[in-house]
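Here is a short tour for anyone who likes to have geometric criteria next to the geometry. Please keep the viewer open and follow along.

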Amino acid sequence: MRQARAEAAGLADSLMRQWDGVVEAAALTANDDEHDPEGPTIAYERERLQAMREHVRGELTDLDRAAQRLRDGVYWTCEGCGGPIAAARLSARPTARTCIGCASPSTAQTRYRR
Ligand SMILES: [Zn+2]
């Protein structure tokens, strides 16, 4: 039990590190300059930053949700089937809310047909 708790704490740490990265990226994109006359490069850059900002927004929502799941003690529980989510999956993708079986549509369909 102690080991599982230590693992969860480690995951919370990695979540927070990811969070910091996202906040940093958000701060960077918030600084983009409206009045730089550099032409197409800047326009392209701005578009890229805009896309990144959208991405960051989604990421923040996912991280918020993961943090809430951690607080609720259901971080390790699949939202789809109620089974456990593999630790390897969560360390690769800390914001995962379903097990691999539920995340893969083809598997879900197979299960439906039975
Ligand atoms: Zn599942």
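Thr 95 sits in the loop that joins α3 (87-92) to α4 (100-103); helices here are DSSP runs of H or I with at least four residues, strands are runs of E with at least two, and both are numbered from the N terminus. This is a predicted model, in which local features need pLDDT of at least 70 and side-chain atom pairs count only at pLDDT 80 or more, while totals for chains, interfaces and linings use all residues. Residues are numbered from 1 along each chain as its sequence is written, and side-chain values use heavy atoms, with hydrogens and water left out.

Is Thr 95 buried or exposed? Thr 95 is buried, because its relative accessible area is 15% (buried means under 20%, exposed over 50%, and partly exposed in between, with a 1.4 Å probe and protein chains only). Apart from neighbours within four places in sequence, Thr 95 has contacts with Leu 15, Asp 62, Leu 63 and Ala 66, a contact being heavy atoms within 4.5 Å.

## The zinc site

Which residues hold the zinc ion? The SG atoms of Cys 78, Cys 81, Cys 99 and Cys 102 coordinate the zinc ion at 2.3 Å. Donors are N, O and S atoms within 2.8 Å of the metal (3.2 Å for Na, K and Ca), and since water is not among the atoms, sites may look incomplete. The angles subtended by the four donor atoms run from 101 to 113°, so the arrangement is tetrahedral. For that label, all angles of four donors must lie between 85 and 135 degrees; square planar (four donors) and octahedral (six) require opposite donors over 155 degrees apart and all others between 65 and 115, and anything else is irregular.

Along the chain, the donors follow the spacing C-x2-C-x17-C-x2-C. Cys 78 is buried at 3% relative accessible area, whereas Cys 81 is partly exposed at 42%. An unreviewed UniProt entry places "zinc finger region: dksA C4-type" at residues 78-102; UniProt positions are given in the numbering used here, feature names are shortened, and annotations may be inferred rather than shown by experiment.

## Salt bridges

How many salt bridges does the structure hold? There are three, each defined as a side-chain nitrogen of Lys or Arg within 4 Å of a carboxyl oxygen of Asp or Glu. One of them joins Arg 57 and Glu 54, with an N to O distance of 3.5 Å. Both Arg 57 and Glu 54 belong to helix α2 (residues 40-72), where they are three residues apart, about one turn of the helix. Glu 54 is partly exposed, at 41% relative accessible area.

Glu 79 and Arg 69 form a salt bridge at 3.4 Å, N to O. This pair links distant parts of the chain, with Glu 79 in the loop between α2 and α3 and Arg 69 in helix α2, 10 residues apart. Arg 97 also forms a salt bridge with Glu 79, with the closest N and O atoms 3.4 Å apart. Here Arg 97 comes from the loop between α3 and α4, 18 residues from Glu 79. Within it, Arg 69 is buried at 6%, while Glu 79 is partly exposed at 47% and Arg 97 is partly exposed at 27%.

## The aromatic pair

A search of the whole structure finds one aromatic pair. The rings of Tyr 75 and Trp 76 have centres 5.7 Å apart and planes at 85°, so the pair is edge-to-face. Rings of Phe, Tyr and Trp (its six-membered ring) pair if their centres lie within 6.5 Å; planes under 30 degrees apart count as stacked, over 60 as edge-to-face and the rest as tilted.

Tyr 75 is buried at 1% relative accessibility, and Trp 76 is partly exposed at 26%. Trp 76 lies in the loop between α2 and α3. Leaving out neighbours within four places in sequence, the contacts of Trp 76 include Glu 7, Ala 8, Leu 11 and Leu 90.
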